[in-house]
Amino acid sequence: MSQGPDNMKAECFGEEAKRFLVDSLEYPRPTKVFVDHPGSEKADFKQQLIDAAMQFIDVVDEKCKTLPVLPDLAKKLGPQVKPAYIALGTAGFVFFIFLMMIGFNAITNIICFAYPAVAAIKAMQAKEPGYDEQWLTYFMIFGMFHVIESFYPELLTEYAFYVLVKLLLLVWCFLPMSMGAKKIYNIAVKKIVTVVSKSESKTE
């Protein structure tokens, strides 16, 4: 049976209405896809942080499972509680109490002395090239902070940002990725030593 002109118009109108409805429903989707696109730098950086944190928790959790108390305590607290959560939470609480007791500057001094001292001894024993420039310059900078603090103790109490700047600078100086102390030696210390040695040779 052939369709009349009215029926054909109604079917065409119905098809156009369906396409318009589908397009209107799908229109907001590109914005969501653009924001959460896995190739964007923000999404990748955030995902990398999450993955690194989860890997660290898994490593701690595997070590905590070998302890006699933590696995049983985690089971009592709930199925979603990992032994690593208890261990990290306890460590964070102890660190906070320790921070309140001795102060942030004392912890900064411990961190910025202990690791560089061990790294300097290892580099000296292995006779790594340039270890003297790196570690002698580092401990000169470390000692310079103590000399400044002995003359101006107000830096530790009246200027809250001082200890943070000190920590960041010293960490930059001793980290193997940056080796900032060696850079400071090449930029400033080496030139100063050259000028001083020349002046001494002239006086002699």
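Modeller: Cys112 counts as buried, because its relative accessibility is 0%. Here, buried means under 20% relative accessible area, exposed means over 50%, and partly exposed covers the range in between, with a 1.4 Å probe and protein chains only. This is a predicted model, in which local features need pLDDT of at least 70 and side-chain atom pairs count only at pLDDT 80 or more, while totals for chains, interfaces and linings use all residues. Residues are numbered from 1 along each chain as its sequence is written, and side-chain values use heavy atoms, with hydrogens and water left out.

Cys112 is accordingly in no disulfide, and the nearest cysteine sulfur, that of Cys173, is 9.2 Å away. That distance is too far for a bond between Cys173 and Cys112. Cys173 is buried as well, with a relative accessible area of 0%.

The surroundings of Cys112 come next. Cys112 belongs to the largest nonpolar core, which has 17 residues; Cys112, Trp135, Tyr138 and Leu170 are those with the most contacts inside it. A nonpolar core is a set of buried Ala, Val, Leu, Ile, Met, Phe, Trp, Tyr and Cys residues joined through side-chain atoms within 4.5 Å. At least two residues of this core are supplied by each of helix H6 (104-126), helix H7 (131-151) and helix H8 (160-174). H8 gives the largest share, 6 residues. Helices (H or I, at least four residues) and strands (E, at least two) are DSSP runs, numbered from the N terminus. In soluble globular proteins, nonpolar side chains tend to be buried together.

Trp135 shows how such a residue is surrounded. Neighbours within four places in sequence aside, Trp135 is in contact (heavy atoms within 4.5 Å) with Pro116, Ala119, Ala120, Ala123 and Phe174. Another core lies apart from the largest one; this other core has 7 residues, among them Ile57, Val60, Cys64 and Ala84.

Two packed helices are described by the angle between their axes and the distance between the axes. For H6 and H8, the angle is about 5° and the axes are 10 Å apart. Axes are lines fitted to C-alpha atoms, for helices over the stretch in contact, and angles run from 0 to 180 degrees between N-to-C directions. H6 and H8 are therefore roughly parallel to each other. Angles under 35 degrees count as roughly parallel, over 145 as roughly antiparallel, 65 to 115 as roughly perpendicular and the rest as oblique. On the side of H6, the contact is made by Phe104, Asn105, Thr108, Asn109, Cys112, Tyr115 and Pro116, and on the side of H8 by Val163, Leu164, Lys166, Leu167, Leu170 and Phe174. Sorted by class, this contact of H6 with H8 has 9 nonpolar, 3 polar and 1 charged residues. In that sorting, Ala, Val, Leu, Ile, Met, Phe, Trp, Tyr, Cys and Pro are nonpolar, Asp, Glu, Lys and Arg are charged, and the others, Gly among them, are polar.

Thr137 is placed in helix H7 and is buried at 3% relative accessibility. Not counting residues up to four places away in sequence, Thr137 touches Asp132, Ala181, Ile184, Tyr185 and Val189. Thr137 and Phe174 are 37 residues apart in sequence, and their C-alpha atoms are 10.0 Å apart in space. Glu149 is likewise found in helix H7 and counts as buried, at 8% relative accessibility. Beyond its neighbours within four places in sequence, Glu149 is in contact with Asn105, Leu156, Tyr162 and Lys166.

Leu156 lies in the loop between H7 and H8 and is partly exposed, with a relative accessible area of 35%. Setting aside neighbours within four places in sequence, Leu156 is in contact with Asn105, Glu149, Tyr162 and Val163. The C-alpha atoms of Leu156 and Asn105 are separated by 7.5 Å, although these residues are 51 residues apart along the chain.

Finally, the loop between H6 and H7 holds Lys127, which counts as exposed at 69% relative accessibility. Most residues other than glycine have a negative phi. Lys127, not a glycine, has a positive phi near 55°.

Notes: A disulfide is a pair of cysteine sulfur atoms within 2.5 Å.
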